[in-house]
Amino acid sequence: RMTASKQQTQTAADERRARKIVTARDGGMCVKCHRVHPIYGVNWDHRKRRSQGGLWAASNGQLLCGSGTIGCHGWVTQNPAKAAVEGWSV
């Protein structure tokens, strides 16, 4: 009998490592518009939400300008279907 896989436990070190890699990879800029929001800067975004099992991993992260309500980060949050089609979320 197969059992459900246990969700991977992540540490603060995993988060720090992923953030460092993504910041370097994305050049500190929004990957969608290639700018930095003048007030809110850029923020980490999980392509697959943590609530859906997304991990702190560079492959699951991207930098987006704004926050969950403004800028590109807000657009991705407010338009999940279109964001998935365009590859900003999974």
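What percentage of the residues of the protein count as buried? In this predicted model, the protein has 90 residues, and 30% of them count as buried.

The description may begin with the secondary structure. The protein contains three helices and two strands.

The overall dimensions come next. Along its principal axes, the C-alpha trace of the protein extends over about 55 × 30 × 20 Å. Contacts within the chain can also be considered in terms of sequence separation. Among those that link residues at least 6 apart in sequence, 52% join residues at least 24 apart.

The surface and the charges may be treated together. The protein has an accessible surface of about 6000 Å², and carbon and sulfur atoms account for 54% of this area. Its side chains include 14 positive and 5 negative ones. The centres of these two sets lie 4 Å apart.

Alanine 24 belongs to helix α1, which covers residues 12-25. Is alanine 24 buried or exposed? Its relative accessible area is 62%, and alanine 24 is exposed because this value falls in the range over 50%. Alanine 24 can also be placed relative to arginine 47: the two are 23 residues apart in sequence, and their C-alpha atoms are 17 Å apart in space.

Note on methods
Residues are numbered from 1 along each chain as its sequence is written. This is a predicted model: local features need pLDDT of at least 70, side-chain atom pairs count only at pLDDT 80 or more; totals for chains, interfaces and linings use all residues. Side-chain values use heavy atoms; hydrogens and water are left out. Helices (H or I, at least four residues) and strands (E, at least two) are DSSP runs, numbered from the N terminus. Buried means under 20% relative accessible area, exposed over 50%, partly exposed in between (1.4 Å probe, protein chains only). Contact means heavy atoms within 4.5 Å. Accessible areas come from the Shrake-Rupley method with a 1.4 Å probe; for residues, only the protein chains shown count as cover. Lys and Arg count as positive and Asp and Glu as negative; His and the chain ends are not counted. The place of a charge is taken as NZ of Lys, CZ of Arg, CG of Asp or CD of Glu.
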